[in-house]
Amino acid sequence: MLWIINIITLQIKVAAIVIPVILLFCITALVSAFVFHDHHHRKLFVGSIGLGASITMYSSPLVAVKQVIRTKSVEFMPFHLSFFSFLTSAIWMVYGLLSHDLFIASPSFVGGPLGILQLVLYWKYRKSGIIKEPNKWDLEKNGENSKKLQLAINNDINGKS
């Protein structure tokens, strides 16, 4: 019975992400088709929304970067994802500059440095190995000292002294 609740919860979380994206796409298409009547204004409107979405996409790995710096481990940031994110943004930046299209080149000016940041962090912390987070420790196996250490770490994380 518990697995059914977990599946339903997962489906609700996925729907909460997918439905707003589909709605944004539909609203963009409708506004572009019925509000703007010339190509220039349609291009500016759709390009601006695409620009914002691309910058959001390129900046989303910052969550993993924060965790890599905190744990000093690259286990949360796959190398191939970081490498191809940088490579893709560099190629699109070159294409956008060569075609004089700032809607294509602009997000890559954000994505390129963020990709370089990820690769530098990967290079710096690649030898650290996998580090267990304190809240994943098995307290029954580690004894009383581990319980005290975890309590101290959790209090420190939660801002208590």
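## Contacts and overall make-up

In this predicted model, residues 24 or more positions apart account for 60% of the contacts in the protein that have a separation of 6 or more, a contact being a pair with heavy atoms within 4.5 Å. The secondary structure comes to six helices and zero strands, and the elements run α-α-α-α-α-α from the N terminus on; helices (H or I, at least four residues) and strands (E, at least two) are DSSP runs, numbered from the N terminus. Of the 161 residues of the protein, 19% count as buried, where buried means under 20% relative accessible area, exposed means over 50% and partly exposed lies in between, with a 1.4 Å probe and protein chains only.

Because the model is predicted, local features need pLDDT of at least 70 and side-chain atom pairs count only at pLDDT 80 or more, whereas totals for chains, interfaces and linings use all residues. Residues are numbered from 1 along each chain as its sequence is written, and side-chain values use heavy atoms, with hydrogens and water left out.

## The pair α1 and α2

Two packed helices are described by the angle between their axes and the distance between the axes. Helix α1 (residues 2-34) and helix α2 (residues 39-59) pack at an angle of about 165 degrees, with their axes 9 Å apart; the axes are lines fitted to C-alpha atoms, for helices over the stretch in contact, and angles run from 0 to 180 degrees between N-to-C directions. That angle makes α1 roughly antiparallel to α2, given that angles under 35 degrees count as roughly parallel, over 145 as roughly antiparallel, 65 to 115 as roughly perpendicular and the rest as oblique.

The crossing of α1 and α2 is right-handed; a crossing has this hand if the near helix is turned clockwise from the far one by less than a right angle, and is left-handed if anticlockwise. On the α1 side the residues are T28, V31, S32 and A33, and they meet R42, F45, V46 and I49 in α2. The residues of this contact of α1 with α2 divide into five nonpolar, two polar and one charged, with Ala, Val, Leu, Ile, Met, Phe, Trp, Tyr, Cys and Pro counted as nonpolar, Asp, Glu, Lys and Arg as charged, and the others, Gly among them, as polar.

## The pair α2 and α5

The axes of α2 and α5 come within 9 Å and cross at roughly 10 degrees, and the two helices are therefore roughly parallel to each other. From α2 the contact draws on K43, L44, G47, S48, L51, S54, I55, Y58 and S59, and from α5 on F103, S106, P107, S108, V110, G111 and L114. By class, the residues of the contact of α2 with α5 are eight nonpolar, seven polar and one charged.

M57 also lies in helix α2, and at 49% relative accessibility M57 counts as partly exposed. The C-alpha atoms of M57 and P107, 50 residues apart along the chain, are separated by 9.1 Å.

## Helix α3 and its packing on α5

The axes of helix α3 (residues 62-71) and helix α5 (residues 102-125) come within 11 Å and cross at roughly 25 degrees, which makes α3 roughly parallel to α5. Their crossing is left-handed. L62, V65, V68 and I69 of α3 make the contact with L114, L117, Q118, L121 and Y125 of α5, and by class the contact of α3 with α5 has eight nonpolar, one polar and no charged residues.

The buried residues of α3 are A64, V65, V68 and T71. Seen down the axis of α3, these buried residues fall within an arc of 145 degrees, so they line one face of the helix, the arc being that of the directions from the helix axis to the C-beta atoms. The buried residues of α3 pack against α5, while V63, K66 and R70 are exposed on the other side of α3.

K72 follows α3 and is found in the loop between α3 and α4; K72 has a positive phi of about 55 degrees although it is not a glycine, and at 46% relative accessibility K72 counts as partly exposed. H100, in the loop between α4 and α5, likewise has a positive phi of about 55 degrees without being a glycine, and at 72% relative accessibility H100 counts as exposed.

S85 lies in helix α4 (residues 79-98) and counts as buried at 19% relative accessibility. Leaving aside its neighbours within four places in sequence, S85 is in contact with Y58 and Q118.
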